[in-house]
Amino acid sequence: KEILILNGPNLNLLGKREPDIYGSTTFEEYYASLEKKYPEVTFRYFQSNSEGALVDKIHEVGFEIDGIVMNAGAYTHTSIAIADAISAVKSPVVEVHISNVAKRETFRHISYMAKSCVGSIIGLGLKGYELAVEYLIEL
Ligand code: DQA
C-alpha cells in the first residue's frame, strides 16, 4: 500500500512549537519511526505552509494512492478549498489532529474538511497518525 502523510501549516515546527500542546518530538523523528513500524507501506510525506500547495498535492496523488493521512493544521478550520479537493479525489483521507481541538478555542471546533474525510482522529498526539495508517492498511 502507498500512503501519503500530508501536513499543513506550522507542523514543520513540531518539537519546537508549543511543546506543552504538541509535544517535543519533531515530525522527522516520528516519520522515521512510522517507516520502521510499517515496512509493508510505501510512505510519501509532504508538508506545506501554503493552502494552494496542499490542494495541488491532493490533486497530484489523490487518484492513484491508497490513502492520505492529513493534518491540515489551522486550514482545517478555514479552508473550503482543501475540503473540496478532498471531495474531488478518489483516495480516502483520514483527518488527524495531535491536540484535542474540542478542548481548545471554539474556532478550532469546526472542521471544514471532516465531512469529506472517511473519519477523524483527534487528541491522541502523534499516535493518531499511526492509527490512521493502520485503518488505511486494513481498508
Ligand atoms: C492541529 C490543531 C489546529 O487547530 C492547529 O491550528 C494546528 C494543529 C493539531 O494537530 O492539533 O496547527 O491541527
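Tutor: The account below moves from the chain as a whole to the helix pair, and then to individual residues and the ligand.

This is a predicted model, in which local features need pLDDT of at least 70 and side-chain atom pairs count only at pLDDT 80 or more, while totals for chains, interfaces and linings use all residues. Residues are numbered from 1 along each chain as its sequence is written.

The protein chain has 5 helices and 5 strands, where helices (H or I, at least four residues) and strands (E, at least two) are DSSP runs numbered from the N terminus. Their order from the N terminus is β-α-α-β-α-β-α-β-β-α. The radius of gyration, taken over C-alpha atoms, is 14 Å, close to the 14 Å that the globule rule (2.2 Å times the number of residues to the power 0.38) gives for 139 residues, so the chain is as compact as a globular protein of that length. Along the principal axes, the C-alpha atoms fill a box of roughly 35 × 35 × 25 Å. Of the 139 residues, 30% count as buried; a residue is buried if 20 or more other C-beta atoms lie within 10 Å of its own, exposed if 12 or fewer, and partly exposed in between, with C-beta atoms placed from the backbone.

The part requested is the pair formed by helix H3 (residues 51-61) and helix H4 (residues 80-88), which pack at an angle of about 0° with their axes 9 Å apart. Axes here are lines fitted to C-alpha atoms, for helices over the stretch in contact, and angles run from 0 to 180 degrees between N-to-C directions. H3 is therefore roughly parallel to H4, a term for angles under 35 degrees. H3 contributes Glu51, Leu54, Val55, Ile58 and His59 to the contact, and H4 contributes Ala81, Ile82, Ala85 and Ile86; two residues are in contact if their C-beta atoms, placed from the backbone, lie within 7 Å. These residues divide into 7 nonpolar, 1 polar and 1 charged, with Ala, Val, Leu, Ile, Met, Phe, Trp, Tyr, Cys and Pro counted as nonpolar, Asp, Glu, Lys and Arg as charged, and the others, Gly among them, as polar.

Ser79 lies in the loop between strand S3 (67-71) and H4. Ser79 is buried, because 21 other C-beta atoms lie within 10 Å. Leaving aside neighbours within four places in sequence, Ser79 is in contact with Glu51, Ala72 and Tyr112; Glu51 also belongs to the H3 side of the helix contact. The C-alpha atoms of Ser79 and Ser111, 32 residues apart along the chain, are separated by 8.8 Å. Ser111 is in turn one of the contacts of Ser120, a residue of strand S5 (residues 119-122).

Turning to the ligand, the residues around it are Asn10, Asn71, Gly73, Ala74, Thr76, His97, Ile98, Ser99, Val101 and Arg108, each with its C-beta atom, placed from the backbone, within 6 Å of the ligand. This shell has 3 nonpolar, 6 polar and 1 charged residues. Asn10 is located in the loop between strand S1 (2-7) and helix H1 (19-22) and has a positive phi of about 75° although it is not a glycine. Asn10 is partly exposed, since 14 other C-beta atoms lie within 10 Å.

Methods
Parallel < 35°, antiparallel > 145°, perpendicular 65-115°, else oblique.
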